[in-house]
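Thanks for coming. I have one structure to go through today, and I will keep to the numbers.

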Amino acid sequence: MAVSLWKSLLQTTKSRLFLQRGVSLYNGVHGFEEEAIKKKLQQFGGGSINLSKEDHGIRVLTLNNPKQMNAFTGTMMLELQERVTELENWKDGKGLIIHGAENTFCSGSDLNAVRAMSSSEDGMNMCMFMQSTLTRLKRLPLISVAVVQGKALGGGAEFTTACDFRLMTPGSEIRFVHKQMGLVPGWGGAARLVQIVGSGVALKLLSGALRVDPERAVHLGLAEETLPSSDETRSLEEAQAWLNKYTKAPAEVIQAVKKVVTAGRELQLEAALRAEKDIFGTVWGGPANLQALAQSTKRK
């Protein structure tokens with residue numbers, strides 16, 4: 001009985017934390033020294049994370065460091081956390097498109113920062129920082145899609161798995177090259193990859209450091225489809241048209257849909273059902289629901 005009550009309490013606590021915005025995966029209990037790692041990351045500048053203005057409930061986040069194939073510098077990691085916080089507080093949002101500047105997605109971490117933070121402590125803190133940020137990105141109440149142009153390598157490949165969907169352009173590739181660096185994914189990419197393609201396929205992609213082109217990605221379920229154009233501007237337009245099909249509803253409804261799916265993925269069944277009930281209560285009798293009922297009555 002005591003064990004059952006304890007498990008129930010843990011699930012209730014997890015459910016409540018899950019519904020809160022801006023909650024980090026880690027804290028001091030886990031040995032996470034967030035302020036210390038932020039100070040170290042600040043030392044490695046270059047590049048930026050840009051967030052466009054809203055366009056019909058959709059924004060575009062750009063990884064902008066083209067001289068290094070959009071590799072993440074320390075300050076880019078910090079800026080990504082800031083952009084995620086901004087998106088968490090975006091009340092009218094429905095969708096998010098993520099891409100890399102100048103026709104390539106992302107080549108992972110900036111090697112200058114990697115070499116300078118080679119101690120186990122620094123590596124673990126950077127791992128926890130990026131896992132937390134990308135988990136918050138994955139949990140955003142927005143439908144997110146990564147537009148993979150050029151190469152998504154290492155941490156860049158991991159980043160794509162933090163989006164709900166992936167669209168690829170002709171000639172692009174996703175490749176988990178961590179093995180060749182004597183590493184495994186550390187930004188949450190392995191766990192998310194298993195959820196997307198299953199453990200067997202994930203093991204092959206990681207242990208073989210296999211190059212995944214658009215055709216193979218679609219076959220494996222890693223990508224939704226190949227966009228017609230490889231041109232940066234046109235492919236973004238195509239991605240927005242694709243995303244528009246899934247965001248044709250008021251923001252509060254789209255956000256509720258994303259929340260119930262996330263709850264189903266991350267919580268045990270009983271906790272997921274309770275979360276679904278709470279989210280259902282936020283839209284039942286709401287403006288969109290009442291308008292739909294009124295329109296249905298008129299059609300009779």
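**Charges, overall form and one loop**

I start with charge: the mean positions of the 36 positive and 30 negative charges of the protein lie 5 Å apart. Lys and Arg count as positive and Asp and Glu as negative, with His and the chain ends not counted; each charge is placed at NZ of Lys, CZ of Arg, CG of Asp or CD of Glu.

A word on the source. This is a predicted model, in which local features need pLDDT of at least 70 and side-chain atom pairs count only at pLDDT 80 or more, while totals for chains, interfaces and linings use all residues. Residues are numbered from 1 along each chain as its sequence is written, and side-chain values use heavy atoms, with hydrogens and water left out.

Now the overall form. The C-alpha atoms fill a box of roughly 65 × 55 × 35 Å along the principal axes. Of the 300 residues, 46% are buried, meaning under 20% relative accessible area, with exposed over 50% and partly exposed in between (1.4 Å probe, protein chains only). Among contacts with a separation of 6 or more, 74% join residues 24 or more positions apart; a contact is heavy atoms within 4.5 Å.

Last, the loop between strand S2 (58–64) and helix H3 (74–88), where Met69 sits. Helices (H or I, at least four residues) and strands (E, at least two) are DSSP runs, numbered from the N terminus. Met69 is not a glycine, yet its phi is positive, about 55 degrees. Asn70 is in the loop between S2 and H3 too, and its phi is also positive, near 60 degrees. Buried or partly exposed: which is Met69? Met69 is partly exposed, because its relative accessibility is 33%. Asn70 counts as buried, at 0%.
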